[in-house]
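Work through the exercises below with the sequence and the coordinates open. Each task is followed by a solution in steps.

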Amino acid sequence: AALVVHSRMGSSFSSSSGHLEKVKEMLKELEDMFATPTHNLVLVAEAMAAEMHAGLASDGGSKLKMLISYVDNLPTGNEEGVFYALDLGGTNFRVLRVHLGGREARVVRQEFEECSIPPHLMLGSSQELFDFIAKALAKFVATEGEEGLHASPSRQRELGFTFSFPVGQTSVASGNLIKWTKGFSVEDAVGQDIVGELTKAMKRAGVDMRVSALVNDTIGTLAGGRYHDKDVIAAVILGTGTNAAYVEKASAIPKWQGLLPKSGDMVINTEWGNFSTLHLPFTELDLALDAESLNPGEQLYEKMISGMYLGELVRRGLCKLAKEASLFGDTVPPKLRTPFILRTPDMSAMHHDTSPNLDVVDKKLKDLFEISNTSIEVRKAIVELCDIVAVRGALLSAAGIVGIIKKLGRDTAESAGEKSVIALDGGLYEHYTKFRICMENTVKELLGPRVFDQVRIEHSNDGSGIGAALLAASHSQYLEVEEI
Ligand SMILES: Nc1ncnc2c1ncn2[C@@H]1O[C@H](COP(=O)(O)OP(=O)(O)O)[C@@H](O)[C@H]1O
Ligand SMILES: O=P(O)(O)OC[C@H]1O[C@@H](O)[C@H](O)[C@@H](O)[C@@H]1O
């Protein structure tokens, strides 16, 4: 395979004294530990495709749950009316109102409110979490003006619920929470029907609304992406967590016991964050992060790639350099030991610092760790560490995407006729430029130019919100009535 060429700050860092010599040596060790050469990426991609097959063959057949979404037809573009969407992600929570105007008008109007999820609710009770969501929804519904009433007169409002956690769907509008991921651990919600929990909370909050679709955010993004581009076949989220969904042939799902859908398609939520293979470059930093996480042994691929964890991996690398190479002098600055104090946005800001004296790095060190008077060489070492961690995440994300393309048999010159569009979203993808560029370049390197010509990676901004509203519309209770 072609040599993967990716941006590396690399050799700009030179040593001027003994301790810097040790820092440089250790950075080289870390670079070797994090290395994912091309032949490795090819094996990771092949392992992803194989695990996808295994996960479709039987429940428990793979670390990839390959969850059936019961979404067997994606939006047509004809959807009309006012629909609501709730989008519960790993960091943010949004309520949306979308006025759909059908094929011509498309999205007539979209309003939304976003807020960060109070951290204590991520570790509290199910009722506290869902009451918070329902109360925010009640407040937002109250702002609906005349327009909404005209668009959907005397109808019970309907809602698409985007829920960014693994759910064992029992229908398109019901499903039981399998486990929490990222920073959530609301124990009494595990195993519960998420729609049931929300419906009870909406009643308590006086909201008269029906949940007509419960979808993972990757499915919402896929639906939102397909709404604008018929060639969208998969969606990937690189946000607080990471995941992918794609359109599978219903006949290629041995574990599917239901009737084959008319469309012949079934959207699958791969839950690829839980992917694992021997070909992943596990380092001591990954093992320690996993052991001390809320979900040890779970989501190992996600913990190497996604926004919740990249900054934490850099922090752990800095601790190692401080302890073993005296990066910041004879002691380890106390704040450096605080888990998750270095968030990925901070890492990204340092990584993208183009100032001659790396002033952004200097400011972050002061603001976050109360570390000052660092030399330019130390700051360059920190940027180099950010690059090592980010590049590995980008390379592994690219290998995952190529794995899906392989699973769909679209990685060969024979399939060159078919366009394959991958809808991408998530705050990490959207804001971490070096990560995004490295990932996209790597997909191209791994597929080769001919096949890559038929593959497009598109940013589907906020696809999951619109997508959830579209899926609510296409599964509306009123739709059946009209059809009859
Ligand atoms: N400037 C940034 N640089 C790098 N990563 C970022 C930046 N801003 C946000 N992120 C990452 O994106 C994540 C938020 O992703 P987003 O998709 O917006 O929300 P959610 O994960 O809740 O769906 C954050 O957890 C953070 O890790
Ligand atoms: O949008 P977020 O919060 O980054 O979530 C991305 C993924 O995060 C993973 O942890 C969840 O298991 C997935 O279901 C989800 O799609």
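A backbone N or O atom of Gly-427 lies 3.0 Å from an oxygen atom of ligand 1. The model is a predicted one.

**Exercise 1.** Describe the surroundings of ligand 1: its closest residues, its polar contacts and the classes of its shell.

*Solution.* 

Step 1. List the neighbours. Ligand 1 is surrounded by 15 residues, and the closest are Gly-90, Thr-91, Asn-92, Thr-240 and Gly-427.

Step 2. Gly-90 places a backbone N or O atom 3.0 Å from an oxygen atom of ligand 1. For Thr-240 the atom is an N or O in the side chain, 2.6 Å from a ligand 1 oxygen atom. Taken alone, ligand 1 exposes 560 Å², of which the protein buries 76%.

Step 3. Assign the shell to secondary structure. At least two shell residues come from each of helix H12 (344-351) and helix H15 (427-431).

Step 4. Sort by class. The shell of ligand 1 contains 12 polar residues, three nonpolar ones and no charged ones.

**Exercise 2.** Carry out the corresponding analysis for ligand 2: which residues come nearest, and how is the shell divided by class?

*Solution.* 

Step 1. There are 18 residues around ligand 2; Gly-90, Thr-181, Asp-217, Glu-271 and Glu-302 come nearest.

Step 2. Two side chains are examined here. An N or O atom in the side chain of Asn-216 is 2.7 Å from an oxygen atom of ligand 2, and for the side chain of Glu-302 the corresponding distance is 2.6 Å. From the backbone, an N or O atom of Gly-241 lies 2.8 Å from a ligand 2 oxygen atom. Ligand 2 exposes 400 Å² when taken alone, and the protein buries 95% of that.

Step 3. By class, the shell of ligand 2 has 11 polar, four charged and three nonpolar residues.

**Exercise 3.** Locate Ser-212 and decide: is Ser-212 buried or exposed?

*Solution.* 

Step 1. Ser-212 belongs to strand S8, which spans residues 209-215.

Step 2. Apply the threshold: buried means under 20% relative accessible area. Ser-212 has a relative accessible area of 1%, so Ser-212 is buried.

Step 3. Identify the surroundings. Apart from neighbours within four places in sequence, Ser-212 is in contact with Glu-158, Leu-159, Val-172, Ala-173, Ala-472 and His-475.

Step 4. The Ser-212 side chain reaches the backbone oxygen of Ala-472 at 3.3 Å.

Notes
Residues numbered from 1 in each chain as written. Chains lettered and ligands numbered in written order. Predicted model: local features only at pLDDT ≥ 70, side-chain atom pairs only at ≥ 80, totals over all residues. Heavy atoms only, no water. Near = heavy atom within 4 Å. Polar contact = N/O pair within 3.5 Å; in protein donor to acceptor, adjacent residues only side chain to side chain. Areas by Shrake-Rupley, 256 points an atom, 1.4 Å probe, with all protein chains shown as cover. Helix = DSSP H or I, 4+ residues; strand = E, 2+ residues; numbered from the N terminus. Nonpolar A, V, L, I, M, F, W, Y, C, P; charged D, E, K, R; others polar. Buried < 20%, exposed > 50% of the residue type's maximum accessible area, 1.4 Å probe, protein only. Contact = heavy atoms within 4.5 Å.
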